[in-house]
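User: Please go through this structure with me by question and answer, with the cut-offs stated.

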Amino acid sequence: MGTSELEVGHGVRRNSTLVCVPIMAESVDEMLDQMRKANELGADLVEIRIDFLNNFSPRQDLEILIKQSPLPALITYRPVWEGGQYKGDEIKRREALLMALEVGADYIDIELKVAHEFFNFIQGKKPEKGLIIVSSHNYENTPSVEEIGDLVAKIQATTADIVKIATTAQDITDSARIFQVLVHCELPFIGLVMKEKGLISRILSAKFGGYLTFGSLEAGVVSAPGQPTIKDLLDLYNFRQIGPDTKVHGVIGNPIGHSKSPHLYNAAFKSVGFNGIYIPLLVDSVENFLNTYSSPDFVGYSYTIPHKENGLKCCDEVDPVAKAIGAISCMIRRPTDGNLIGYNVDYLGAIAAIEDGLRELKSTNGLSGSPLAGKLFVVIGAGGAGKALAYGGKEKGARVVIANRTYDKAKKLASKVGGEAITLAELENFHPEDDMILANATSVGMKPMIDDTLIPKKALKHYSLVFDAIYTPKLTRLLREAQESGAAVVYGTEMFINQAFVQFEKFTGFPAPKQLMWDVLARNT
Ligand code: NAP
């Protein structure tokens with residue numbers, strides 16, 4: 001199934017991949033209500049899951065559902081043995097599916113395991129209208145390319161109109177095997193990989209020419225694990241604009257569900273007309289990910305916990321600043337030779353935000369040079385963000401102190417930046433002087449553990465400014481207690497937005513639409 005450029009509304013639609021909303025309710029009225037909502041939200045078709053209906057009366061209910069559907073209707077009557085709700089006998093199921101075609105369904109779905117029997121049953125009875133999807137669901141894993149290819153051949157041999165293969169992601173690289181088969185399949189192909197690690201398959205189905213992708217009406221109310229909402233598909237991921245030439249970007253981390261970066265970059269890409277997509281990438285092994293998605297269209301990544309150091313090891317070239325820090329926050333595939341270049345732009349964002357915060361403090365008014373110069377700068381954390389802050393502090397002439405859970409890491413980093421290492425326990429009574437600067441560069445206090453903090457409130461009175469790299473939530477417990485103790489605070493959002501401007505420019509070559517990005521961030525934190 002190829003993709004084509006279609007005109008949609010005011011913009012160019014770059015793919016012909018349909019967006020299908022699964023309709024799952026216990027009554028016909030609720031289903032009709034959901035179908036209307038799907039239509040309002042911009043779906044192309046609905047999958048009516050009649051196995052969810054209580055007291056299903058085939059002739060009467062199918063007439064109503066199919067005739068009153070505001071959108072083309074796909075009828076699915078999924079049995080329990082393929083992950084559905086239907087527990088009755090096969091003959092009644094077949095009759096209901098044939099009836100759906102007679103009433104005018106645009107599509108029906110039949111499972112590969114019983115497809116031959118079904119085609120025999122409908123022989124000579126099938127009306128002209130109505131396409132038959134033959135589906136196979138694997139709730140365990142995603143087989144090899146050869147095995148998926150064999151499945152496609154088996155489905156084609158049934159005389160299906162459309163092939164559907166849904167597998168389960170154990171790793172983000174599993175989707176690549178579905179893409180590989182997808183681009184070579186002669187029949188229209190719905191190829192999706194379930195669970196969070198399979199999200200990429202659902203979004204990039206538009207790039208690789210999938211026949212359709214599913215989007216749920218509500219978050220969490222899904223017909224298969226890992227389904228995004230239709231709203232996210234259309235508004236967050238700009239699904240209609242994705243096409244064969246769309247450049248793929250994303251944030252590599254684990255966990256990654258909390259990231260606001262997709263909101264920021266996708267909105268910014270769209271606003272400048274850049275043909276790119278930015279996806280949350282739940283990655284276990286950076287090396288496997290980069291080796292698998294090595295095509296020239298996979299072009300740019302942000303790096304977050306716990307992969308900033310792993311990312312550095314996978315670069316072909318590393319910017320000197322990132323090398324000194326020992327971690328990257330951004331990776332770009334150079335178009336001329338495909339080499340992966342690593343950068344650390346956290347350093348710029350965080351230090352600029354702290355300097356701005358200090359300049360606003362009375363005590364630094366009128367001073368030239370960096371307001372961090374000469375200050376005692378306590379950094380909690382020695383991971384990617386901790387290194388960036390410690391390195392940045394040193395560059396600006398601060399006296400750096402590192403506190404970290406793993407004390408050895410604190411010592412190593414302190415010796416690199418010519419600073420001092422302390423344990424987390426020492427933080428409570430550490431106040432060689434007043435007017436110190438504190439930066440939290442650990443994930444302690446981040447959603448959902450928002451009540452956690454690594455430094456007792458009473459110790460905060462010795463700090464004139466406290467920064468927290470965490471930006472979900474914006475006001476962490478640490479920052480709230482710092483405010484209550486009279487310190488100025490700098491939010492992680494400042495660091496986040498500053499580094500996002502720099503990354504955007506590296507991804508696109510365009511100046512960052514700064515106001516738009518601030519507005520998107522404000523709406524999403
Ligand atoms: P990382 O490389 O994985 O480092 C994590 C750090 O947190 C390490 O120092 C680790 O200590 C410490 N840590 C984790 N759990 C802990 C616990 N339960 N108790 C004590 N210490 C703990 O992660 P990262 O990339 O540096 O990110 C750290 C934080 O900064 C995250 O919340 C991230 O979202 C935030 N960040 C924000 C921005 C922004 O733009 N605002 C940018 C980058 C990062 P050990 O060494 O002992 O494991």
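**Salt bridge and domain contact**

Analyst: The side chains of Glu-309 and Lys-387 meet in a salt bridge at 3.5 Å, N to O; the term denotes a side-chain nitrogen of Lys or Arg within 4 Å of a carboxyl oxygen of Asp or Glu. This is a predicted model, in which local features need pLDDT of at least 70 and side-chain atom pairs count only at pLDDT 80 or more, while totals for chains, interfaces and linings use all residues. Residues are numbered from 1 along each chain as its sequence is written, and side-chain values use heavy atoms, with hydrogens and water left out.

User: Into which domains is the chain divided?

Analyst: The bounds come from an automatic or database domain assignment. The chain is divided into domain 1 (6-242), domain 2 (261-344 + 498-523) and domain 3 (368-490).

User: How far apart are the C-alpha centres of domain 2 and domain 3, and how many residues does the contact take from each?

Analyst: The C-alpha centres of domain 2 and domain 3 lie 26 Å apart. With contact meaning heavy atoms within 4.5 Å, the count is ten residues from domain 2 and ten residues from domain 3.

User: What area is buried between domain 2 and domain 3, and which residues of domain 2 lose the most?

Analyst: Buried area is the accessible area (1.4 Å probe) that two parts lose on being put together, summed over both. Between domain 2 and domain 3 this is about 730 Å², with carbon and sulfur atoms giving 61%. On the domain 2 side, 55% of the buried area comes together from the residues that lose the most to domain 3, namely Glu-309, Ala-324 and Ile-325.

User: How many residue pairs are in polar contact across the interface of domain 2 and domain 3, and which element gives the most to the domain 2 side?

Analyst: A polar contact is a pair of N or O atoms within 3.5 Å; within protein, one must be able to donate a hydrogen and the other to accept it, and residues adjacent in sequence count only if both atoms are side-chain atoms. By this rule there are two residue pairs, both at pLDDT 80 or more. Helix H12 (308-313) and helix H13 (320-325) each give two or more residues to the side of domain 2 that touches domain 3, helices (H or I, at least four residues) and strands (E, at least two) being DSSP runs numbered from the N terminus. The element that gives the most, with three residues, is H13.

User: Which strands stand at the edges of the six-stranded open sheet?

Analyst: Two strands pair if DSSP finds at least two bridges between them. The order is S12-S11-S13-S15-S16-S14, with mixed pairing. One side of each edge strand is left without a neighbour in the sheet because each has a single partner strand; these are S12 (276-282) and S14 (317-318).

User: In S12, what is the bridge partner of Gly-253?

Analyst: Strand S11 (residues 247-253) and S12 pair in the parallel sense over seven bridges. For Gly-253, the partner in S12 is Leu-282.

User: Where is Pro-255 placed, and what is omega for the cis peptide bond that joins Asn-254 to it?

Analyst: Pro-255 lies in the loop between S11 and helix H10 (261-271). For the cis bond joining Asn-254 and Pro-255, omega is about 5 degrees.

User: Which parts does the salt bridge of Arg-78 and Glu-111 tie together, and how far apart are they in sequence?

Analyst: The closest N and O atoms of Arg-78 and Glu-111 are 2.8 Å apart. Arg-78 lies in the loop between strand S5 (73-76) and helix H3 (90-103), and Glu-111 in strand S6 (residues 107-111), so the pair ties together parts whose separation in sequence is 33 residues.
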